[in-house]
Amino acid sequence: MTTAEERMRILQMIQEGKITAEEGANLLQALGTTPKTPAPPARDPRLLRVRITDLSSGKTKVNVNIPMGLVNVGVKLGARFTPSNADVNYDEIMDAIKSGASGKIVDVEDVESGEHVEVWVE
């Protein structure tokens, strides 16, 4: 992998929330390069979003935006609507949220119930 590709991969990891901006800066420095623009400061997630879509009609059945201060309630709410046969570990979701994860953290389709459940942190 060339240095340019390595830099792009590190920046992509920062964007995806896999590493922090500070960790990315350290990795870029280890490559012998410095970022041309400073990385934006990491922002704490503000919302937990839950959306449930009917697969047959494509219409949204549930669309809930929950402030992070109420995240425990939000995860429990999401658990109520997640298909029973979905392999979702809510403790892992809470750990991911508490560790600063962002983006989509759950994406489950249940053909039997005809629902698509998505949960993400913004």
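Does Val121 count as buried or exposed, and at what relative accessibility? The points below take up this question together with the other features of the model.

1. The structure under review is a predicted model. Its protein chain contains 4 helices and 4 strands. Along the sequence, these elements follow the pattern α-α-β-β-α-α-β-β. Of the 122 residues in the protein chain, 32% count as buried. Among the contacts in the protein chain with a separation of 6 or more, 42% are accounted for by residues 24 or more positions apart.

2. Val121. This residue belongs to strand E4, which covers residues 115–121. The relative accessibility of Val121 is 1%, and buried means under 20%, so Val121 counts as buried. The C-alpha atom of Val121 is separated by 9.6 Å from that of Asn65, although the two residues are 56 residues apart along the chain.

3. The sheet. In what order do the 4 strands stand in the open sheet? The order is E2-E1-E4-E3, with antiparallel pairing. Strand E2 (60–67) and strand E3 (103–110) are at the edges; each has a single partner strand, and therefore one side of each has no neighbour in the sheet. From one strand to the next, the twist averages 10 degrees.

4. The pairing of E1 with E4. Strand E1 comprises residues 47–54 and pairs with E4 over 7 bridges, in the antiparallel sense. The student may locate Arg49, which stands opposite Trp120 in E4.

5. Two sides of helix H2. Helix H2 spans residues 21–30, and its residues Ala21, Gly24 and Leu28 are buried. Why do these residues lie on the same side of H2? They cover an arc of only 55 degrees around the axis, and this places them on the same side of the helix.

6. The packing of H1 and H2. The buried residues of H2 pack against helix H1, residues 3–15. In general, two packed helices are described by the angle between their axes and the distance between the axes. For H1 and H2, the angle is about 170 degrees and the axes are 9 Å apart. Because angles over 145 degrees count as roughly antiparallel, H1 is roughly antiparallel to H2. On the H1 side, Arg7, Ile10, Leu11 and Ile14 make the contact, while H2 contributes Ala21, Gly24, Leu27 and Leu28. Classified by residue type, the contact of H1 with H2 has 6 nonpolar, 1 polar and 1 charged residues.

7. Which residues of helix H4 (residues 90–98) are buried? They are Ile93, Met94 and Ile97. Viewed down the axis of H4, these buried residues fall within an arc of 95 degrees, so they line one face of the helix. The face turned away from the buried side of H4 carries the exposed residues Asp91, Glu92 and Asp95. Gly100 follows H4 and has a positive phi, near 95 degrees.

How values were computed: Residues numbered from 1 in each chain as written. Predicted model: local features only at pLDDT ≥ 70, side-chain atom pairs only at ≥ 80, totals over all residues. Heavy atoms only, no water. Buried < 20%, exposed > 50% of the residue type's maximum accessible area, 1.4 Å probe, protein only. Arc of directions from axis to C-beta. Contact = heavy atoms within 4.5 Å. Pairing = 2+ DSSP bridges. Axes fitted to C-alpha atoms, helices over the stretch in contact; angles between N-to-C directions. Parallel < 35°, antiparallel > 145°, perpendicular 65-115°, else oblique. Nonpolar A, V, L, I, M, F, W, Y, C, P; charged D, E, K, R; others polar.
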